[in-house]
Amino acid sequence: MITEIDHVEPAPRRVRGTLGGELVFDSTRARYVWEWAYYPQYYIPVEDVDERFLLDEHHEQRLRQGTARRHGLRAGGVDRPGAARVFGDEAIDGVADTARFDWDALDAWYEEDEQVFVHPRNPYVRVDALRSHRHVRASLEGITLAESTTPVLVFETGLPTRYYFDRTDVDFSHLVPTTTRTACPYKGVTSAYWSVRTGDEVRGGYQDLAWAYDFPTRQLEPIAGLVAFYNEKIDIDVDGVRLPRARTHFFK
């Protein structure tokens with residue numbers, strides 16, 4: 001990754017957060033703070049937070065970025081205890097006098113006028129979805145799950161290329177729908193997940209290996225309705241060449 005832990009830099013986007021129908025903060029001066037290497041978190045200047053919604057819990061915490069005072073949130077009749085950390089003057093450069101909110105404590109986060117999910121979009125990550133005419137086959141235990149000469153390839157910094165198949169190129173007789181749903185800050189919220197059945201049942205480790213985004217973010221519209229598989233658990237052949245199984249933080 002291009003940034004180090006505890007790196008801080010200005011976020012050029014307008015950032016807003018809501019809870020219970022109330023606007024908790026609205027800032028054009030948010031900071032990116034890399035609490036770990038893969039993506040940043042937003043820290044919001046206290047001056048840009050509506051302090052009516054902050055409840056001081058009178059508890060100090062010594063964190064890597066400095067000493068913070070824990071606060072709860074109360075807005076629109078909704079309570080979120082321990083949801084914010086407010087940093088004082090002695091915090092590291094760029095973090096002093098900011099508030100760090102637990103992402104899931106808010107109903108929604110917005111960058112400009114678009115809702116974002118899971119965590120802020122890393123400014124050093126690029127995600128591209130490109131239609132291709134490469135011959136791609138996804139299989140498991142020798143069983144073909146999908147095969148196409150018109151896949152969409154998704155290139156995302158730090159991850160293996162993902163191959164998305166038109167549904168007409170997928171053999172759904174080997175896929176079992178599940179209720180799993182996940183969200184991605186770059187692609188949006190999934191609409192479906194499937195486990196893979198190679199015999200009469202889904203074997204251990206074969207759960208939730210395929211997914212789809214029916215309504216992805218605007219930037220990833222080419223993958224709308226298509227199906228992808230985890231390279232980490234599925235065999236992928238591209239133009240007749242078997243790719244090595246990917247190793248990522250999704251499967252350890």
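This report describes strands, aromatic pairs and selected residues in a predicted model.

## Basis of the description

The model is predicted: local features need pLDDT of at least 70 and side-chain atom pairs count only at pLDDT 80 or more, while totals for chains, interfaces and linings use all residues. Residues are numbered from 1 along each chain as its sequence is written, and side-chain values use heavy atoms, with hydrogens and water left out.

Strands are DSSP runs of E with at least two residues, numbered from the N terminus. Two strands pair if DSSP finds at least two bridges between them. Buried means under 20% relative accessible area, exposed means over 50%, and partly exposed lies in between (1.4 Å probe, protein chains only).

Strand β20 covers residues 192-196, and five of its five residues are buried. Cover is found on both faces: A192, W194 and V196 are buried on one side, and Y193 and S195 are buried on the other.

Strand β17 (residues 175-178) is joined to β20 by four bridges, and the two run antiparallel. Within this pairing, P177 has W194 of β20 as its bridge partner. Strand β21 (residues 210-212) is also antiparallel to β20, with three bridges between them. Here A192 is partnered by A212 in β21.

## The four-stranded open sheet

An open sheet is formed by four strands in the order β14-β13-β23-β24, with antiparallel pairing. The edge positions belong to β14 (143-148) and β24 (241-242); each has a single partner strand, so one side of each is left without a neighbour in the sheet.

Inside this order, β13 (residues 136-140) and β23 (residues 235-238) run antiparallel and are connected by four bridges. Opposite S139 stands D235 in β23.

## Aromatic pairs and cluster

Rings of Phe, Tyr and Trp (the six-membered ring for Trp) pair if their centres lie within 6.5 Å; planes under 30 degrees apart count as stacked, over 60 as edge-to-face and the rest as tilted. By this rule there are 16 aromatic pairs. One of them, Y32 with Y42, is stacked, at 5.4 Å centre to centre and 20° between the planes. Y32 belongs to strand β4 (residues 31-36) and Y42 to strand β5, so the pair ties together parts that are 10 residues apart in sequence. Both Y32 and Y42 are buried.

W34 and Y124 make a tilted pair, with 6.0 Å between centres and 35° between the planes. Because W34 lies in β4 and Y124 in the loop between β11 (114-116) and β12 (127-131), this pair ties together parts that are 90 residues apart in sequence. W34 is buried at a relative accessible area of 0%, whereas Y124 is partly exposed at 38%. One aromatic cluster is formed by F25, Y32, W34, Y42, F101, W103, W109 and Y124.

Contact means heavy atoms within 4.5 Å. Q41 sits in strand β5 (residues 39-45) and is buried, with 7% relative accessible area. Not counting residues up to four places away in sequence, Q41 touches R31, Y32, V33, E35, R100, F101, W103, W109 and P120.

T161 is located in the loop between β15 (152-156) and β16 (162-165). Leaving aside neighbours within four places in sequence, T161 contacts L153, V154, F155 and N231. Between T161 and D6 the C-alpha to C-alpha distance is 28 Å, with a separation of 155 residues in sequence.

## Positive phi angles

Most residues other than glycine have a negative phi. H58, not a glycine, has a positive phi of about 55°. H58 is placed in strand β6 (residues 54-63) and is exposed, at 61% relative accessibility. D208, likewise not a glycine, also has a positive phi of about 55°.

## A nonpolar surface patch

I5, W36 and Y38 make a nonpolar surface patch of about 300 Å². Patches are made of residues with over 30% relative accessible area and no salt bridge; like charges are joined within 9 Å and nonpolar side chains (Val, Leu, Ile, Met, Phe, Trp, Tyr) within 5 Å. A salt bridge is a side-chain nitrogen of Lys or Arg within 4 Å of a carboxyl oxygen of Asp or Glu. Accessible areas come from the Shrake-Rupley method with a 1.4 Å probe, and for residues only the protein chains shown count as cover.

I5 is partly exposed, with a relative accessible area of 46%.
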